[in-house]
Amino acid sequence: MDGVLIVDKPSGITSHDVIDHLRRASGLKDVGHAGTLDPLAEGVLLCLLGRATRLTPYLQELPKAYRGVIQFGIRTDTQDAEGTVFYQKPAPHLTLEQVRTAAEKFKGRIIQTPPMFSALRFQGKKLHELAREGKEVPREPRPVNISKLVIHSFEPGDYPTAAFEVECSKGTYVRTLASDIGDALGVGAHLAQLTRTAIGDFRLEDACTLEQLTDRASVQQRLVPIADALAHLPHWTPTPAVLERLRHGNFVQAEHPLWTPGGYVVVRDSEGKVALIARWLPPLLRPTRVIQG
């Protein structure tokens with residue numbers, strides 16, 4: 001059983017809880033995911049079964065889309081509603097226009113400092129483990145891209161809220177984005193609610209719930225085949241002799257007008273099955289991961 005599941009993760013459980021559920025339902029040990037969702041967040045979680053667990057690096061690169069709610073005037077240590085409040089001051093003066101103006105500054109390529117409550121590592125230890133010990137360590141700011149950021153609505157009050165939609169690159173922390181918008185307004189903020197609506201072309205409307213994934217048959221029925229899961233990459237079927245060379249780790253000279261230098265190519269066998277993934281560094285195609293022997 002090899003393939004990808006588009007799961008609608010509910011709020012209140014971890015991404016690992018979803019994996020445990022799928023292991024029990026499918027009877028497989030090889031189950032993973034491509035992109036963690038915080039317990040507070042819900043929505044699209046790509047789960048990988050069998051040989052599809054080898055696809056993680058190629059699916060994690062896909063852009064993400066979210067909708068959510070920011071609450072202003074309250075800061076938390078996790079930057080979301082699950083954290084401990086350490087700052088609280090009413091912001092009744094805030095307006096929709098002010099929020100939209102502040103949000104505009106966060107479009108495009110921005111530099112973001114990852115939060116302490118994250119799965120990133122420092123000297124071999126996860127940051128969230130250090131944070132729970134009351135420690136704070138330096139984090140390297142890094143570039144992310146916000147391709148779309150829309151403030152759809154605003155609810156005024158002492159602690160006003162704004163509903164938003166964002167499309168962003170891999171590695172973007174949406175709760176950090178919410179917190180930074182609050183800081184730019186001088187009132188602080190945290191992420192009150194978050195739904196991931198898409199990862200690449202994998203969309204929430206195509207996702208299945210955990211209640212629909214109860215046994216091996218129900219899991220098998222909803223699996224996206226490996227080749228379909230890699231539809232965002234170019235596919236190529238070489239001659240059997242060239243395929244055999246690639247399978248054994250050899251570089252081959254190849255080119256195609258649709259290939260991007262430095263990009264990945266899905267290499268398929270004569271039956272259309274995904275054999276491996278290679279990287280094109282002109283003029284050579286270099287195997288990076290074998291999917292099927």
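**Strand S11 and some buried residues**

Visitor: Which residues of strand S11 (residues 161-168) are on the covered face, and which on the uncovered one?

Guide: The covered face of S11 holds Ala 162, Phe 164, Val 166 and Cys 168, while Thr 161, Ala 163, Glu 165 and Glu 167 make up the uncovered one. Strands here are DSSP runs of E with at least two residues, helices are runs of H or I with at least four, and both are numbered from the N terminus. When I say buried, I mean under 20% relative accessible area, with exposed being over 50% and partly exposed in between, using a 1.4 Å probe and protein chains only.

Visitor: And what should I know about the model itself?

Guide: This is a predicted model, in which local features need pLDDT of at least 70 and side-chain atom pairs count only at pLDDT 80 or more, whereas totals for chains, interfaces and linings use all residues. Residues are numbered from 1 along each chain as its sequence is written, and side-chain values use heavy atoms, with hydrogens and water left out.

Visitor: Back to S11, how many bridges join it to S10?

Guide: Strand S10 (residues 142-155) runs antiparallel to S11, with eight bridges joining them; two strands count as paired if DSSP finds at least two bridges between them. Within that pairing, Val 150 has Glu 165 of S11 as its bridge partner. The two strands form a hairpin with five residues between them, and Gly 157 in the turn has a positive phi of about 155°.

Visitor: In what sense do S4 and S11 pair?

Guide: Strand S4 (residues 64-72) and S11 are antiparallel, again over eight bridges, and Tyr 66 stands opposite Val 166 there.

Visitor: What covers the buried residues of H3?

Guide: The buried residues in helix H3 (residues 96-104) include Val 99, Ala 102 and Ala 103. They lie on the same side of H3, because they cover an arc of only 100° around the axis, the arc being that of the directions from the helix axis to the C-beta atoms. Among the elements that cover them are S4, S10, S11 and helix H5 (174-184), where contact means heavy atoms within 4.5 Å.

Visitor: Changing topic, how far from Lys 9 is the nearest side chain of opposite charge?

Guide: That side chain is Asp 17, 7.5 Å away, so Lys 9 is buried yet has no salt bridge, which by definition needs a side-chain nitrogen of Lys or Arg within 4 Å of a carboxyl oxygen of Asp or Glu. For charge, Lys and Arg count as positive and Asp and Glu as negative, with His and the chain ends not counted. Lys 9 lies in strand S1 (residues 3-9), and a polar atom of its side chain is 2.8 Å from the backbone oxygen of Ala 41.

Visitor: Which peptide bond is cis?

Guide: The bond from Pro 282 to Pro 283 is cis, with omega near 5°, and Pro 283 sits in the loop between strand S17 (274-281) and S18. Most peptide bonds are trans, and most residues other than glycine have a negative phi.

Visitor: What is the phi of Gln 79?

Guide: Gln 79 has a positive phi of about 70° although it is not a glycine. Gln 79 lies in the loop between strand S5 (74-76) and strand S6 (85-88), and counts as buried because its relative accessibility is 15%.

Visitor: How far apart are Pro 114 and Tyr 173 in space?

Guide: The two are 7.0 Å apart, C-alpha to C-alpha, although 59 residues apart in sequence. Pro 114 is in the loop between strand S7 (108-112) and strand S8 (121-122), and counts as buried at 3% relative accessibility.

Definitions and conventions:
A polar contact is a pair of N or O atoms within 3.5 Å; within protein, one must be able to donate a hydrogen and the other to accept it, and residues adjacent in sequence count only if both atoms are side-chain atoms.
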